[in-house]
Amino acid sequence: MSEQPPEPGGGEPRDVAGVSPVSPVGRLAATVERLSREVRAAQAEAEGRALIELAKGILVARLGCGPAQAARQLAELAEQSQVTPLEFAVDVINQAARDRMSEVTDAFLAATAAAEAEKAEEADQQAAESAAVRLRAAESGALAADDTQAVADALLEQALRPLGAVAVAIWAAGSDGSLTLAGCAGFSAAEAARWRYVPPDVSTVARCGLTERAGQWIGSLSETGLPSVGRHQYPDGGRAAVPAGTGGRIHGVLEIAWPRPLPPQPPQVVRQVEALAELCAHTLETYVPPHGAGTEPRVMPDAAELMDLADGLHDPALVLVPHLDAEGHLADFRIQHVNKRFMDPAGRPRAMVGGALLLEAYPMAAGDSELFRSVERVYATGEPFRARRMNLTALVDQVPLSAVADISVSRHGNAVLLIWRIEDETARLASLLQHAQRLGRIGGFEENLLTGEITWNGQLFDLYGRAQTSTPVPLEDLAAHAHPDDAVTIGRFLRTLLHHRRPASAAFRLQRPDGVTRHVRVVAEPVLDTDDRLLLVRGAYQDISAQHWTEVALAATRDQLAHTEQQAMERARLTLQLQHAIMPPAQDPLRVPDLQVAVRYRPAETEQLVGGDWYDAVLLPNRMVLLCVGDVAGHGIEAATSMVVLRNALRGLAVTGAGPGQLLSWLNIVAHHLTGGVTATAVCGLYDPDRQTLRWARAGHLPPVLVRGSEAKPLPLVRGMLLGAVAEAVYEEAEVQLAAEDTLLMYTDGLIERRDRSVEESLAQLLSTAQSSPRTLDQHLDRLLTYSRSDTDDDTCLVGIRVG
């Protein structure tokens, strides 16, 4: 290959990309760039061809010229305006149409022009013009499309991608409240198939957009938790769901998806999306869900078929059709048909209501009543509406006349069926009275004293146990149907009512023909004429048998309760007397050389809680001092008698001279075999005055407390289980040497036990109180009882000795 001569000025020429245009790669790049420009131009020309042709048609109509002259005129005007023919064609269409799309375009252009002071003027002008072209191109593509899928594709490519959207879904609303995915773009095929049908009452983004007239604008789908198509593709993206409707009727929802969170949109973008939703509504008007979309296709009856349906109903019904204003907006509903059972609240004939507008026939419905709003909502969404006891108000001769009715509203095709069942207030009150009489077991009567005619209701026949065809019983024969013992009461009732002519009442026992006796109360009042003559008597009987037997049962229960309380009080009194006889609260002091002995017994604050706590301090024949405290499980007389048995048994066993461990072993046998299996705790000690020692043993009881100087601590534990648990048990003994001024305390758990603290915490509190030793032993024991923090209301026994 021969080298090419260099260009003048040195070096080979390069293009922007650094590739020589005369090289093979440069030629290929230039060719690709040229073809791309041609493709984009062809696409733009194809997209705008329909708009240009439409603009030419407008010029032909307005200028009265031919198509060729209109085309030249369009080109010349575009050149004079320094815009492209497509952009000028859009301006011509906007000026001629003055429709919703024109309003949106003007708003978008105005907003863009207001921002020109802060942005580059040329860039803003191009953006505004391209927005106008996009909207008209999208409108053209949507109107030219033959199905909703093509509309979805056109909207996404022409108008929504420039707004940053990545997907669009068009939902068709069914008359049952369901949603069918009529078309979508930007979502995967699997996702679209999964969301082909949404049953009624399922809350989704599109459902919220359908129920809210202003639509739903969601900043981030993850924040709401609402399910929707493509949620997994764009989990954090923004969503917009705008109802698609025309002429006051909503046919579906336009849902738009953004890949990222969506900030609040300016009003011009919101209006642009609403205009696109209105475009979708024109296609949804004729949309029929395919088979297998979750609901079978339905053939909606027209108004004529709905009239035949209304005539076959047993309730009053109106067939309503929409009435649009000059701009195509829903203004009212015309009463197309009134069925034969129609009942007007104001009593007007059917001919005066049929053919009139709903708000003309019932102008009060435009106010606070929900009637018109309910019909409008059903027509817009297709969701049926039902309500009980709604007020219907008609205006006749400037006077509002109202009635209460049950309402049912449903849409059938392009017509609405309104059914109401007006409630008869008199019949309703009569029904309520009948139910009240039945529940209260009340029967009414009226007796004419001049003619002898007697009127009973059905409830009174049932109360008397007589057939409905039998003759009612006169008041004067009332005693013959009552218990003989009630004759005086009935006579007094009749004298007050018939002779003194005053209202009266009486309670008596009614004896029915079937042998059943019912307790009945009769209440009656006289009715006098203008001359104060007695004409008739009105009254009622009430079956009070249930109340009577309840009062009898209550009285018997009160008597039984009083008897039980008396027994309990007597039992507690005997128990307390037994306890005080065996163990009086105050005991004569024990005379032992060089030893002070004091005992305290504090009974429970509640007499019903008399327990089995016991103590003993006695000088034995061998000059030993027996010291013991115990606590029998339970309360009442059983615990008190068991306490007496154990206390006396221990006294008798102590004279044998055995040690405290052996004494507790024998006492365990007594508790297990001779007292019916009672269980108890105890601590037993033998004090030797000569040696000043204490031998002691315990049976599941708290150990004694030794106070020496300013220190108080419990004696070390020795083994020993509670009394009566097993047949035989061995108890360990311990010996403690006491010194002068030492104090030893034995006590039951009533001194320290608390519900909210453990035994260890309560024992620590006792030791803290016992450290301070008053001058005498009696004062020491009284101090312990005074500062005791026990809250169980149990008996307390306390035995103390002080050496010296």
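Before moving on, some housekeeping. You are looking at a predicted model, in which local features need pLDDT of at least 70, side-chain atom pairs count only at pLDDT 80 or more, and totals for chains, interfaces and linings use all residues. Residues are numbered from 1 along each chain as its sequence is written, and side-chain values use heavy atoms, with hydrogens and water left out.

While you have cysteines on screen, how many disulfides are there? The count is zero disulfides, taking a disulfide as a pair of cysteine sulfur atoms within 2.5 Å.

**Zoom out: the whole chain**

Show the cartoon. The protein chain has 22 helices and 26 strands; these are DSSP runs numbered from the N terminus, helices being H or I with at least four residues and strands E with at least two. Of the 804 residues of the protein chain, 43% count as buried. Switch to a surface and you have about 41,400 Å² of accessible area, 53% of it belonging to carbon and sulfur atoms. Those areas come from the Shrake-Rupley method with a 1.4 Å probe, and for residues only the protein chains shown count as cover.

What about contacts, meaning heavy atoms within 4.5 Å? Among contacts between residues at least 6 apart in sequence, 59% join residues at least 24 apart.

**Next selection: Arg249**

Arg249 lies in strand E6, residues 249–257. Buried or exposed? At 15% relative accessibility, Arg249 counts as buried. Leaving out residues up to four places away in sequence, Arg249 touches Ala244, Tyr379, Ala380, Arg411, Gly413 and Asn414.

**Next selection: Asp332**

Jump to strand E8 (residues 330–338), where you will find Asp332. Asp332 is buried yet has no salt bridge, and the nearest side chain of opposite charge, Arg334, is 7.6 Å away. For charges, Lys and Arg count as positive and Asp and Glu as negative, while His and the chain ends are not counted. A salt bridge needs a side-chain nitrogen of Lys or Arg within 4 Å of a carboxyl oxygen of Asp or Glu.

**Now the salt bridges**

The whole structure holds 18 salt bridges.

Start with Arg600 and Asp782, whose side chains meet at 2.7 Å, N to O. Arg600 is in strand E17 (residues 595–602) and Asp782 in helix H22 (residues 777–786), so this pair ties together parts 182 residues apart in sequence. Arg600 counts as buried at 19% relative accessibility, whereas Asp782, at 35%, counts as partly exposed.

Next, pick Arg647 and Asp616, which form a salt bridge at 3.6 Å, N to O. Arg647 sits in helix H19 (residues 637–654) and Asp616 in strand E18 (residues 611–619), so the pair ties together parts 31 residues apart in sequence. Both Arg647 and Asp616 are buried.

Then go to Arg695 and Glu733, with their closest N and O atoms 3.0 Å apart in a salt bridge. Arg695 is in strand E21 (residues 693–699), and Glu733 is in the loop between strand E23 (711–714) and strand E24 (734–737), 38 residues apart. Arg695 is partly exposed at 31% relative accessible area, and Glu733 counts as partly exposed at 32%.

**Last stop: two loop residues**

Most residues other than glycine have a negative phi. Asp594, though not a glycine, has a positive phi of about 55 degrees. Find Asp594 in the loop between helix H18 (545–582) and E17; at 56% relative accessibility, Asp594 counts as exposed.

Finish on Glu741, in the loop between E24 and strand E25 (743–747). Phi of Glu741 is positive too, near 70 degrees, and Glu741 counts as exposed at 55% relative accessibility.

Terms used. Buried < 20%, exposed > 50% of the residue type's maximum accessible area, 1.4 Å probe, protein only. Contact = heavy atoms within 4.5 Å.
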